[in-house]
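Me: Could you walk me through this structure with some questions and answers?

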Amino acid sequence: MSLPPRPRISWPRRRTAATAAAIALISGTVALGTTAAQASIPASGGSSHAPVVRAMTASGRAVPVAQPSSASTPVHPEKITHPRLDFMGSTIPHYLRGGPAVRPAAKAAAATTALPGIDISAYQGNINWANVAPYIDFSYTKATEGTYYTNPDFYNQYEGPYSYGVIRGSYHFAIPNNSSGKTQADYFIAHGGGWSADGKTLPGALDIEYNPYGSECYGLTQSQMVSWVWSFVNEYAYREHAYPVIYSTTDWWTTCTGNNGGFGKYDPLWVANYSASHGGTLPNGWGFYTFWQYADHGSLPGDQDVFNGAKSQLKTLATKG
């Protein structure tokens, strides 16, 4: 699979950080509250006597999470040959028609008042944050893949934004047939994926997309994939007290999870769509997106993203999860 070239950077004038959030996001991300549906949380597999913690959901609720136990997931690892080249959306041009080009509808929508951001990986190498920081409000960098890879440029890409006042986060590139969701969540947390309520660190993100090494859904059935994602999500929520963001495409989510609608109550959505306005049709269970990756290249390093809300809401996500 050939990768699209990354163009040289020519810095645009920064877009005004005005609010573009849906009412649901305003009342969800910002407001804290108690849960009215605790029993609806999928079982994490922990014993009835295991410690219970509370974790923040996408809608701003603090819900109980029992200590997860290992979930049974089919493991049949494929040969891993290019983890450095796997990044958010790296598999999309291969699976979706239209390639990496940004169509006018998506470009116009992204140039509105939503907050600009980027996601990056070792593909970009070290970044001069003094030049980049004035044009973005947030940045996510790849921390890990599977249980075998860490980003060699992670320090520059994670600490750099923080030093320049940009709200930062990290993400994990999932390889579900390599090991369990719980195991990969632990690996992610141990290598830069943790969350802290400092107002400058976003909850970690689970990048789950087309398999860069084999069959689209990693050889897992839809029910097995749903179980794998819950295993990752529950472990992260239990340990970090905030539910992780889930990044994917509607096409992959529909094909590989059966368009499961259970995660929208807990996990912020990061949708990738390069051809439709406002993120296009969203996966089942999510009424709005929190982040939208609208292009896989642009005038800034890495992929081009927006946050669906005001700066105060972005900071709330980095403060309360």
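Me: What should I know about the model before starting?
Reply: This is a predicted model, where local features need pLDDT of at least 70 and side-chain atom pairs count only at pLDDT 80 or more, while totals for chains, interfaces and linings use all residues. Residues are numbered from 1 along each chain as its sequence is written, and side-chain values use heavy atoms, with hydrogens and water left out.

Me: What distance does helix α6 span between its end C-alpha atoms?
Reply: Helices here are DSSP runs of H or I with at least four residues, and strands are runs of E with at least two, numbered from the N terminus. The expected span of a helix is 1.5 Å times one less than its number of residues. For the 13 residues of α6 (residues 181-193), a straight helix would span 18 Å, but α6 spans only 14 Å.

Me: Is K182 buried or exposed?
Reply: Buried means under 20% relative accessible area, exposed means over 50%, and partly exposed is in between, using a 1.4 Å probe and protein chains only. The relative accessible area of K182 is 16%, so K182 is buried.

Me: Which residue forms a salt bridge with K182?
Reply: A salt bridge needs a side-chain nitrogen of Lys or Arg within 4 Å of a carboxyl oxygen of Asp or Glu. The closest N and O atoms of the pair are 3.7 Å apart. The partner of K182 is D186.

Me: How are the rings of F154 and Y158 arranged?
Reply: Rings of Phe, Tyr and Trp (its six-membered ring) pair if their centres lie within 6.5 Å; planes under 30 degrees apart count as stacked, over 60 as edge-to-face and the rest as tilted. The structure holds 19 aromatic pairs. In this one the centres are 4.7 Å apart and the planes are at 20°, so the pair is stacked.

Me: Which residue has its charged end over the ring of Y158?
Reply: A charge sits over a ring if NZ of Lys or CZ of Arg is within 6 Å of the ring centre and within 35 degrees of the ring normal. Here the charged end is 3.8 Å from the centre of the Y158 ring. The residue that sits there also meets E159 in a salt bridge, at 3.8 Å from N to O. That residue is R168.

Me: How many residues apart in sequence are the parts that K311 and D137 tie together?
Reply: The side chains of K311 and D137 meet in a salt bridge, at 3.3 Å from N to O. K311 lies in helix α9 (residues 311-320) and D137 lies in the loop between α4 (129-132) and β5, so the pair ties together parts whose separation in sequence is 174 residues.

Me: Which residue has its backbone oxygen 3.0 Å from a polar atom of the N211 side chain?
Reply: N211 is found in the loop between β8 and α7, and at 3% relative accessibility N211 counts as buried. A polar atom of its side chain lies 2.8 Å from the backbone nitrogen of Y213. The backbone oxygen at 3.0 Å belongs to S215.

Me: What is phi of Y218 near?
Reply: Y218 lies in the loop between β8 and α7, and at 1% relative accessibility Y218 counts as buried. Its phi is positive in a residue other than glycine, near 65°.

Definitions and conventions
A polar contact is a pair of N or O atoms within 3.5 Å; within protein, one must be able to donate a hydrogen and the other to accept it, and residues adjacent in sequence count only if both atoms are side-chain atoms.
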